[in-house]
Amino acid sequence: MNNFDLFDFPPSPADNFLPFDGIVNDYGVIFAPDEADFLLNELLANIPWRHDEAMIGGKRIQTARQVAWYGDANFSYTYSGVSHIALPWNALLLQLKQRVESELAQVSPTQFNSCLLNLYQSGNEGMAWHSDDERELGKNTVIASLSFGATRKFAFKHKLSLEKREMWLKHGQLIVMRGTTQSYWQHAVMKSSKISEPRVNLTFRTIVGKEKAA
């Protein structure tokens, strides 16, 4: 059962957060506080977190943010110039995947075959402007983003008009990016020195073709 403050009604997932050229549906907080706390602690303790890598200016650098990549098979996913090989699902991630898929069934049934997890230890760690438009994801992909931990500002910027939209992602909140969102918009997790608590973000995705590693 969702937990909302008095007069703080959950958004309708049918509403579009973006003004044009894409669709972002906000499903609100889908876990009760105690359940969200338990899930955050389990993810922090039991995921094999490692620092991400990226190719910038021809050099491989290590990010402050930590990641983990899971999927139906050991297929690869290349972003920021670096390839990653999926780990097999664990029971907790499969449970969360099924919960997210059941929420999406209200609007448009979607089945995911992978999940990229991000760990931000504090507000000093964020994610720069980017689009999830890698070829492995196909065109007009659906990405479900589930947040646990510290409330963080999540921003969108149109690639042509530079118009921006911002939202605060809370503990246990689910949003879904659909349609042409990745083609026309970039998104970012904004940094803040005022935030000292960790945040874990799970982005459920569908890798097309399931490119297996050798």
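## His 51 and its surroundings

His 51 touches Gln 62, Thr 63, Ala 64, Arg 65 and Gln 66, residues up to four places away in sequence being left out; contact here means heavy atoms within 4.5 Å. The model is predicted, so local features need pLDDT of at least 70 and side-chain atom pairs count only at pLDDT 80 or more, whereas totals for chains, interfaces and linings use all residues. Residues are numbered from 1 along each chain as its sequence is written, and side-chain values use heavy atoms, with hydrogens and water left out.

His 51 belongs to strand 2 (residues 50-56). Strands (E, at least two residues) and helices (H or I, at least four) are DSSP runs, numbered from the N terminus. The side chain of His 51 reaches the backbone oxygen of Thr 63 at 3.0 Å, and a polar atom of that side chain lies 3.2 Å from the backbone oxygen of Ala 64. A polar contact is a pair of N or O atoms within 3.5 Å; within protein, one must be able to donate a hydrogen and the other to accept it, and residues adjacent in sequence count only if both atoms are side-chain atoms. His 51 and Val 67 are 16 residues apart in sequence, with their C-alpha atoms 6.1 Å apart in space. His 51 counts as partly exposed because its relative accessibility is 33%; buried means under 20% relative accessible area, exposed over 50%, and partly exposed in between (1.4 Å probe, protein chains only).

## Strands 1 and 12

Strand 1 (residues 23-29) is mostly covered, with six of its seven residues buried. Strand 1 runs antiparallel to strand 12, and six bridges join the two; strands pair if DSSP finds at least two bridges between them. Asp 26 has Ile 175 as its bridge partner in strand 12.

Gln 173 lies in strand 12 (residues 173-178). Its relative accessibility is 5%, so Gln 173 counts as buried. A polar atom of the Gln 173 side chain lies 2.8 Å from the backbone nitrogen of Lys 170. Beyond its neighbours within four places in sequence, Gln 173 is in contact with Asp 26, Gly 28, Val 29, Ser 145, Leu 146, Ser 147 and Trp 168.

Strand 14 (residues 199-205) is largely enclosed by the rest of the structure, because seven of its seven residues are buried. In a regular strand the side chains alternate between the two faces of the sheet. Arg 199, Asn 201, Thr 203 and Arg 205 point one way from strand 14, while Val 200, Leu 202 and Phe 204 point the other way, and all are buried.

Strand 7 (residues 114-120) is antiparallel to strand 14 and joined to it by seven bridges, with Leu 119 opposite Val 200. Strand 9 (residues 143-149) also runs antiparallel to strand 14, through six bridges. Ser 145 has Thr 203 as its bridge partner in strand 14.

Four strands form an open sheet in the order 8-13-10-11, with antiparallel pairing. Strand 8 (127-130) and strand 11 (164-169) stand at the edges, each with a single partner strand, so one side of each is left without a neighbour in the sheet. Neighbouring strands of this sheet are turned by 15 degrees against each other on average, direction ignored; for this angle, axes are lines fitted to C-alpha atoms, for helices over the stretch in contact, and angles run from 0 to 180 degrees between N-to-C directions.

Strand 10 (residues 152-158) and strand 11 are antiparallel and joined by six bridges. Lys 157 stands opposite Lys 164 in strand 11.

## Nonpolar cores

Of the 30 residues in the largest nonpolar core, Leu 43, Leu 96, Leu 117, Leu 146, Phe 148, Leu 202 and Phe 204 touch the most other members. Such a core is a set of buried Ala, Val, Leu, Ile, Met, Phe, Trp, Tyr and Cys residues joined through side-chain atoms within 4.5 Å. At least two residues of this core come from each of helix 1 (33-46), strand 3 (59-71), helix 2 (91-104), strand 7, strand 9, strand 12 and strand 14. Helix 2 gives the most, with five residues. A second, separate core of 23 residues includes Val 24, Phe 75, Leu 137 and Leu 169.

## Positive phi angles

Asp 21, in the segment before strand 1, has a positive phi of about 60 degrees although it is not a glycine. Asp 21 counts as partly exposed because its relative accessibility is 32%. Leu 162, in the loop between strand 10 and strand 11, is likewise not a glycine and has a positive phi of about 65 degrees. At 53% relative accessibility, Leu 162 counts as exposed.
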